[in-house]
Amino acid sequence: MRYLHIEQARLIDPSQNIDTVTDLYVAEGRIKAIGRKPESGVVEESIDGRGQWLIPGLIDLGGHLAEPGFAQKGAIASETYAACSSGFTHVCALPDTKPVVDNSAIVQQILEKAQQARFAHVLPLGALTPDLAGEQISSMAALQEAGCVALSNARRPFKNSYVLRRVLEYAATYDILVFLAPDDVSLSASGSMHEGPVATRMGIPGIPRTAETIALAQMLLLIEQTGVRAHISQISCARSLVMLRQAREAGMSITADTPLANLIYTDESVTGYNSLYKVFPPLRTEVDRQALLAAVNAGELAISSNHRPHDVAGKKTTFIDAEPGMSMFDGFLPLAMQLVDKGELTEEAFISAVSTVPAEVLGMEHGLKEGSLFNAALIDPAQERCFRRSHLLSQGRNSPVAGMTLKGAASAVFVDGRRVI
Amino acid sequence: MIINPCNVQLTADGRLKHFLTTEGLSKALLTEILDTADSFISTQEREIKKVPLLRGKTVVNLFFENSTRTRSTFELAAKRLSADILNLDIARSATSKGETLMDTLWNLEAMYSDVFVVRHADSGAAHFIAEQVTPNVAIINAGDGRHAHPTQAMLDMLTIRRHKGSIEGKVVAVVGDILHSRVARSQIHALNTLGAAEVRVIGPRTLLPRDIGGLGCKVFYKLEDGLKDCDVVIMLRLQKERMQDALLPSGSEFYKRYGLTVDKLKLAKPDAIVMHPGPINRGVEIESTVADGAQSVILNQVSYGIAVRMAVMAMAMSGQQQERNERAQAQGEL
């Protein structure tokens, strides 16, 4: 047998409470040995891991890959390549493509494109309602059979509580996992940013926190009633965390994630009408940001990318007219590493929030142990990278790191043992 | 990370090159605008009203949102500065054909214009255009969404100064739909910078934006409380749509609570002046007797509007000219 040998890297895997400098041997896509040389076979390739972290590959619980339907903004190949460059090995693709992921043919098409691209695994999220219209129940079981890991309505609303109730009941029938992003559009639809002093000063119609918390209350009550397996996507408010905690104390097993952008920026970033920082859920205040960081550090919250690539035209217009979203994949790792560097996130909490917790949400086997498929990232925390605008891997022209030089890079990324970076 | 939105409108040495907002401008600069406008008022009274300050320059009225009154005063102001003027009603042409804002701008730049007077329904539109256009084009904000209407605010400042002697030490109340008002926001910044003793906003909670007090004003929910001892009362226009948006029960209910009547005006100082950016809704915001009464200066505001618009166009053009000269000089040195 011929081995890939990763030498003396700091192996960190929160799922097994491991943090140790060791050797790791990979063959046939799987980890064959940790800490000791396999008895037979030869080392074909050796990577010096000294000073680097070897961690389970990052799993994104929600990103937009722009395909099918938005060829001017991105493609599965370009976006998963960008994701891999930040250490992602798995990306959950949101269903609000064109056409919407509401039938097995589209799921098939996405999986085939991802296979051809040969970068990160794409885990399709199917639509909970046909065309995401929020009115009827989609062919959930068929979507699941076609390969959807969970179903979601992206940020589109359900027509009313009745539809949501029936959608959740039906999903519970087949033990389908649902991802719900809380947003009461009657409160959020006219807004473009967080409602607060900055929005008032700029004259931008705001999105109050209650747009999230009211929808979250409705969702939590119906999740409890229907007993569906549910994950709450894209939390942005401190108050939502309190509500999630209360739900857990009442015995519900509910998970949640927050977009990385909401851990880094606040509504102050929007000052000067910078449309790059127009994202949904909106960037909120420092109080919210601190609460979200604390929840990640406490292991209560996963971090998602909420990656959403746009072409120049999508952002180069007035703030209100600009499309929401940030191209996050290129800069995801160094931006998160900055939080670790500043002490806002612990190393362990960060790694757990992007690998262990998402794997638990999806019920995936995902750890660095002997016999497992080798999905991992070798990260050099000290390596500096310059993100030249013309060298970004995502097609999106709306990356917050464009033109910056940042520390922390994936020096090697493996998907099922195959080196992609 | 935080960019001061006001820096875009100034040259390196702090002179006006665009006029986007009153926020962040110095007292000296705002006073310079008022002084310049004052000097234009006297030229308006002459038989020959034109001055040659913008001769050979092209001013484009770029209105993405309809407004006959503001557009006419800008047109008149540009003509009295001897500029050529082009009126573009984008609301009814380009963008409805699917052309993006950037496409429209590039087309207009190709026509070698010198000043864009911009009105747009989106807050920040004038700011965006100022950042995107080629150098040498001065942007004058003629109203962007709920954000700013700085020439209206400055003509209001001029009105106060001419009728009350100065803005310093004055108590000024702004009444009505503050939530949707770009005028109110621009007034609050200008009044504070120019030394008003107190700026008050008065309206029901549905028409007051969150945390408006943070802009430097005191919030009142009852007209009677807010009018007490005011030197200046500024009434805002109430759009009819507000009733449909579940912000107000009815026009008559609003008038009963927030309409300025002869009796309520008595709560202000006896020599208080009454202002309104127009067009007024008689019997909704203001009683006719008050609008046409001795304390009303509403019509004076209109004539000062032309002088203020002449002033900011002339000042911004001169700021642009100065930058152009500096650029030429820098290139020469290379």
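Mentor: Let us begin with axes, which are lines fitted to C-alpha atoms, for helices over the stretch in contact, with angles running from 0 to 180 degrees between N-to-C directions. The model is predicted: local features need pLDDT of at least 70, side-chain atom pairs count only at pLDDT 80 or more, and totals for chains, interfaces and linings use all residues. Residues are numbered from 1 along each chain as its sequence is written, while chains are lettered from A and ligands numbered from 1 in the order in which they are written.

Trainee: Why are α1(B) and α12(B) called oblique to each other?

Mentor: Helices are DSSP runs of H or I with at least four residues, strands are runs of E with at least two, and both are numbered from the N terminus. The axes of α1 (residues 27-44) and α12 (residues 298-333) of chain B come within 8 Å and cross at roughly 120°. Angles under 35 degrees count as roughly parallel, over 145 as roughly antiparallel, 65 to 115 as roughly perpendicular and the rest as oblique. The pair α1(B) and α12(B) is therefore oblique.

Trainee: What is the handedness of the crossing of α1(B) and α12(B)?

Mentor: The crossing is right-handed; that term applies if the near helix is turned clockwise from the far one by less than a right angle, and left-handed if anticlockwise.

Trainee: Which residues in α1(B) meet α12(B)?

Mentor: Contact requires C-beta atoms, placed from the backbone, within 7 Å. In α1(B), B:Ile33, B:Thr36, B:Ala37, B:Phe40, B:Ile41 and B:Gln44 meet residues of α12(B), including B:Tyr304, B:Ala311 and B:Met315. The residues of this contact divide into 13 nonpolar, 2 polar and no charged, where Ala, Val, Leu, Ile, Met, Phe, Trp, Tyr, Cys and Pro count as nonpolar, Asp, Glu, Lys and Arg as charged, and the others, Gly among them, as polar.

Trainee: What makes the radius of gyration of chain B agree with that of a compact globule?

Mentor: The radius is taken over C-alpha atoms, and the globule rule is 2.2 Å times the number of residues to the power 0.38. For 334 residues the rule gives a value near 20 Å, and chain B has 20 Å, so the two agree. The C-alpha trace of chain B spans about 65 × 45 × 45 Å along its principal axes, and its secondary structure comes to 12 helices and 9 strands.

Trainee: How many residues does each chain give to the contact of chain A with chain B?

Mentor: Chain A gives 21 residues and chain B gives 26. On the side of chain A, helix α6 (residues 197-202) gives the most, with 4 residues.

Conventions. Contact = placed C-beta atoms within 7 Å.
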